[in-house]
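Q: I would like to learn how to read a multi-chain model, feature by feature. Where do we begin?

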Amino acid sequence: MRKSTAGLLAVVLALAGCGRGGGGTSGKAEDVSAGRIKGTVTVWAMGDEGQALGAFAKEFERANPGVEIKVTSMGMDVAHDKLVSAIAGNATPDVSMVGTTWMGELGKSGALDVTPNNLFDKSGFFPGAWDSTVYKGASYGVPWYVETRAFYYRSDLGVKPPTTWDETKQWARQVKAKGASMGVYQNYQVGSWQELLPLVWQAGGDITSGGKWTFDSPQVVTALKQWRSFYEDGTAPNKVDTGAFPNIFFKGQAAAYYSGPWMIHLMKKDGGPGFEKKFDLAPYAKGPAGNNTSLMGGGDLAVFKRTKNRDAAWRFVKWLTDPKVQVRWYQTKNDLPSTPAAWQDPAMASDKQVALFGEALKTAKAPPSTPNWEQVARVVEREMGRLALLKETPEQAAQAMQKGADQLGMGD
Amino acid sequence: MRRGRAHARRGRIGLLFSMPFLAVFAVLYAGPLLAGLGMSVTDLRSTDAQHPFSVDFVGLRHYRRLLHDEVMRKAAWNTLVFVAAGVPLTIGCGLVAAVLMHRGVDRARALFRVGYFLPHVTSIVAVAVIWRFVLDPQSGLLNEGLRAAGLPTAAWLADERTALPSLIAMAAWRGFGFDMVVFLAALQGVPRELYEAAETDGAGAWARFRYVTLPMLRPTLLFTSVYSSIGFLQFMEEPLVMTKGGPDGATESVSLAIYQQFGGGDYGYAGAASTVLFFVIVLVALLQFRVLRPRHLEAR
Amino acid sequence: MSTVTAPGRDTGAAPSVRDAPPRTRRARGERLRRTAIYAALSLGLGLVVTPFAWTLLSSFKPEHEIRQSPPTFLPAHPTLAGYREMLASLHLGTTFTNSVLVAAAQVSANLLLCSMAGYALAKLPFPGRRAVFGLVMAQMMVPGIVLVIPQFVVVTRLGLTDTLLGVVLPYLVWPLGVFLMRQFIAEIPDELLQAARIDGAGEFRIFFRIVLPLCRPALATLTLLSFLNAWNNFLWPAIVAQTQDRYTLPVALALFSNEETTHYGLLLAGAVVVITPIVVLFLCLQRFFIEGIASTGIK
């Protein structure tokens, strides 16, 4: 019965002229005019960024009379579905904020305009951030703001933060002895791939090489070993509820975790009175390869091909990535600038904790921009979860990741 | 002859009355349903959103992959447990609450009714906060209580063995108010005379429930059990908010797995999984229709 | 339990009961039974109401107190900050109006169209009736997430993107409502309808004058459930609405929920704003649940 239905569908599809053609996305950049712009530009942005952007864009409207920027803020949970539906229904906005891990997917879809060469220069951005916009050699957007990860720790325990992998293990035992019963919190649930990638790079390896997944490489195993060792030592918790973090850090049960710059604000806001004196930040510890590469994240800005106001759309993106504007955006929203030039501003150097992220951004790397990255990430997370429960060895986990990723391919 | 014409007229009106449903179905559901079925035999991905027809036919590849997908298999098992435990629990609680309220409460009725319905309407965000507070492995209310009583504690949501039962309890707690409301409405249709007659015959409370209430509630029972089964077969919100399917897939449900495949952009595969889930739901419903078929038809 | 509630049976509670004449003994048993039921239900009430009460109380707490673990029950530092933040950033007037319009349209369409279809499926045999019921069930059973993108494509073709009509359209006839009404209407005795037909009443008249009045508890239930369905709907309105002027309450509230940087104060204040109308509606409707078929004349 199913077979005949399937057969019928095949016939229907064939009649409808289906089947993949040879041509992919062209990936050719067109210039944007430098002349006067006017008209409406619709912009979609997620979460807190979307909330603040509308008011922020007034300045651009004042500088460009006749241009109206209409910002629609969308919830984080629906943003992906909303963008894909809009592409399918031919109802895309002119500009949208796009999560860095979606760029490969949307780039491949052919819905995004290729970044115009005459307006943007890749050398003006952090290399890891620019890489997140590139799919098959063409760039489909521009980094708007960036995020990277650092080591948050309880400074009130009086143990100096670690600088190497071995010191980190040591450190976890010391803080446990000082009452932090859980040691170091490593995320082993959704999003745990973000824990793994920096470790792989710090071990001198990568998860892709020459267009293939390389989860079975020795460096990945080394990274998984380091990560698992905390669970073996009992210095990382593997029996906490998904919502228990960050409360376990506030309460001092967990003495450290790895996360991005947005946590600084949250720590100060929700940690209770005086908590800002009880924690501090340190860069990632250096791995066996001698580097402490962190993960590049954040938000990119993309223009859709079907925009009716292409010049104004790209010029607005250009304005948002102007170093001076980025400093002001940082002062508005605490989002870190994607252009190194903005970091030269005294405003960026005044906060020691923020400056630490500025340093890490120079070498931070983006996850692979394959169109199916989100799917591969789920495979990685599954094995990380099993590893945290000590259900398998690092070698087994690496093999399982490789097998799962190979099955999914590179999504091309 | 006249009878026949009246019958035909009634039939035309029946069709007319069904028209609004059929119209909405034709415009907004027929196509999308076929699309869902269709995508399951192609390699459609989110990257094809702009040109959904230029995809390749892959036959039953996704269906074969389903059979060997460990995540899906575990999710299928979990879903089975959700349904087998959750449906009777939810309906049972709803029925008990409705009967007690119907027969035993005359004062503060509104308070009780609204109260028991509240879990069903309280936002999942607030519900999650409270349940985490109850189930927290370190300082949760439940563990504190067990400790005080000298009983062994558990990590509840963080432990593979207890995570699933915890979520089932939570889902039943959230869902039974709905069933209670439907049962309450149905109980109004049970003529008091039937109870009085049964009482005169010396029937006890249990006998009255078993031989008067329950048979009269059959159509409603069918409704609630079909509805609950659909809900539990598509169980997703609780694991998504409370455990994200963990630990190690212990609370992963089929719907959650499908949701993640959609999120990952693999529409062909997600479509295949949805199709299978759909047919399982249909089978379960057919079974329930068979078991809970109205008795009075048989009696006649 | 049955020993306590069984009429006329000796409860053995006290000598005075034993000596009392049967009627009083029965009344005493009845009272005992009621007390037991009240006790049980009140205990349960605590379990079901607590999260709501916590939501309500916590909407008056500052952010860090809400996050505090273990949580406080009564606000230690009462504040209106959550409500202020909500009013400042939610365009509450617009979103609330949108939600009300969507819910009103959906509920009234459901009440009429679901009972019409339910009546047809229960009492008006026509060729293909089983197939239509099959479609109702199929629509109810299909995993909704599969439909979203194709449905959005249909809605854009109809030119209804970013309109409230587009938000409402797929839910005008709710299969669950059809099923509910069919189940209830099936219980109306055929003899009653037959008698009306013999008196010369047409099907429309029978539907509006006999069937609908008899279904009042069911209609009250449908109103509540349909309202709940419309009021809490999230994914679809979030995708159809393309400007914030078309956002409904849950869509607007979701803007603030974000893995780690959740604005709890605002969200809980929002939850109170979302739940209150449901509770009010329930209180208004609940008397219809009691006023049943028995009291409208069928024996």
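A: Begin with contacts. Two residues are in contact if their C-beta atoms, placed from the backbone, lie within 7 Å. In this model, 36 residues of chain B are in contact with 36 residues of chain A. Helices (H or I, at least four residues) and strands (E, at least two) are DSSP runs, numbered from the N terminus. On the side of chain B that touches chain A, α5 (124-135) and α12 (254-263) of chain B each supply at least two residues. That side divides into 15 nonpolar, 14 polar and seven charged residues. Here Ala, Val, Leu, Ile, Met, Phe, Trp, Tyr, Cys and Pro count as nonpolar, Asp, Glu, Lys and Arg as charged, and the others, Gly among them, as polar.

Q: What conventions apply?

A: The model is predicted: local features need pLDDT of at least 70, side-chain atom pairs count only at pLDDT 80 or more, and totals for chains, interfaces and linings use all residues. Residues are numbered from 1 along each chain as its sequence is written, while chains are lettered from A and ligands numbered from 1 in the order in which they are written.

Q: How many residues of chain C are in contact with chain B?

A: 81 residues of chain C contact 73 residues of chain B. Several helices of chain C give two or more residues to this side, among them α6 (92-123), α13 (216-232) and α16 (264-290). α3(C) gives the most, with 13 residues. By class, this side of chain C has 63 nonpolar, 12 polar and six charged residues.

Q: How is chain C divided into domains?

A: Domain bounds come from an automatic or database domain assignment. For chain C they give domain 1 (2-58) and domain 2 (90-296). Four residues of domain 1 are in contact with four residues of domain 2. The domain 1 side has two nonpolar, two polar and no charged residues.

Q: How do I read a sheet?

A: Strands of a sheet pair through backbone hydrogen bonds, either parallel or antiparallel. Two strands pair if DSSP finds at least two bridges between them. In chain A, an open sheet of four strands has the order β8-β11-β7-β12, with mixed pairing. β8 (183-185) and β12 (279-282) of chain A are at the edges with a single partner strand each, so one side of each has no neighbour in the sheet.

Q: Which strand does β7 of chain A pair with in the antiparallel sense?

A: β7 (residues 150-154) pairs with β11 (residues 254-259) of chain A, over four bridges. Within β11(A), A:A256 is the bridge partner of A:Y153.

Q: What is the secondary structure of chain B?

A: Chain B has 14 helices and zero strands. Its C-alpha trace spans about 80 × 70 × 30 Å along its principal axes. A residue is buried if 20 or more other C-beta atoms lie within 10 Å of its own, exposed if 12 or fewer, and partly exposed in between; C-beta atoms are placed from the backbone. Buried residues make up 52% of the 300 residues in chain B.
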